[in-house]
Amino acid sequence: MTAQATGSTTARRRARRGEGDKLKDQILSAAEKLLLEKGDENAVSIREIAKAVGVTPPAIYLHFPDKDALFFAVCQGPFSEFAVYLNEAIKNLDTPLETLKEMGRAYVHFALDHPEQYRIMMMAKRDFDPLAHDPDDLPSMQVFWKLVQAASDCIEEGIFRAADPFKVAVGLWSAVHGLSSLIISHPKFPFGDIEAQIDHLVSAQMQGLVA
């Protein structure tokens with residue numbers, strides 16, 4: 001994740017012919033910096049992004065059909081980092097139940113550490129079908145399928161009662177997403193000890209599934 005940008009953006013040189021991938025990366029980098037600087041995707045315009053890169057607005061649309069698609073792509077970066085972080089967090093755990101609990105905690109921590117990216121990815125209505133894409137192209141879906149696998153392992157080992165692991169995963173996701181969204185959208189609400197809230201939520205979800 002890049003550090004938060006400060007000050008005004010600096011125009012970049014135009015990408016030469018044949019440097020389409022490089023220009024796309026420059027667009028994503030500029031959009032991310034402006035997003036972090038302003039803290040709100042609605043405050044960032046395509047014109048500002050184009051100016052930061054050193055191109056005209058139509059050049060942006062050669063790579064992204066609209067601003068919504070651009071910021072969705074921007075947010076795949078943090079989710080890719082989250083997938084790596086999650087793998088590291090659960091690699092030495094002994095049971096699928098411990099794995100699920102740690103995944104729940106890590107999910108909320110990630111959301112709170114990346115509130116604007118999380119808001120864009122998970123709290124805005126999008127006409128997007130993730131199941132129509134290769135999971136390798138969507139880090140956020142890689143994380144979800146890990147959750148499904150952990151739920152399946154708990155069911156197969158008799159830790160959870162018999163159930164559809166996909167539905168179990170969606171239920172767990174709904175719980176941690178709900179807490180994450182509440183904390184992000186209502187920062188002044190007296191939630192108390194956030195870590196205690198996370199642990200209580202995760203434990204309660206597990207207790208409701210045990211065989």
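**Salt bridges and their surroundings**

Reply: Glu 88 counts as partly exposed, because its relative accessibility is 47%; buried means under 20% relative accessible area, exposed over 50%, and partly exposed in between, with a 1.4 Å probe and protein chains only. This is a predicted model, in which local features need pLDDT of at least 70 and side-chain atom pairs count only at pLDDT 80 or more, while totals for chains, interfaces and linings use all residues. Residues are numbered from 1 along each chain as its sequence is written, and side-chain values use heavy atoms, with hydrogens and water left out.

The side chain of Glu 88 meets that of Lys 91 in a salt bridge of 2.9 Å, N to O. The term denotes a side-chain nitrogen of Lys or Arg within 4 Å of a carboxyl oxygen of Asp or Glu, and by this rule there are five salt bridges. Lys 91 is exposed, because its relative accessible area is 51%.

Another salt bridge joins Arg 105 and Glu 102 at 3.6 Å, N to O. Both residues lie in helix α5, three residues apart, which is about one turn of the helix; helices are DSSP runs of H or I with at least four residues, numbered from the N terminus. Arg 105 is partly exposed at 22%, and Glu 102 is partly exposed at 22% relative accessibility. With Asp 199, these two residues are linked in a network of salt bridges.

Arg 119 is partly exposed, with a relative accessible area of 32%, whereas Glu 116, at 10%, counts as buried.

The two helices also pack against each other. Helix α5 (residues 96-113) and helix α6 (residues 115-122) meet at an angle of about 110°, with their axes 5 Å apart; axes are lines fitted to C-alpha atoms over the stretch in contact, and angles run from 0 to 180 degrees between N-to-C directions. They are therefore roughly perpendicular to each other, a term for angles of 65 to 115 degrees. Tyr 107, Ala 111, Leu 112 and Asp 113 of α5 make the contact with Pro 115, Tyr 118 and Met 122 of α6, contact meaning heavy atoms within 4.5 Å.

Definitions and conventions:
Parallel < 35°, antiparallel > 145°, perpendicular 65-115°, else oblique.
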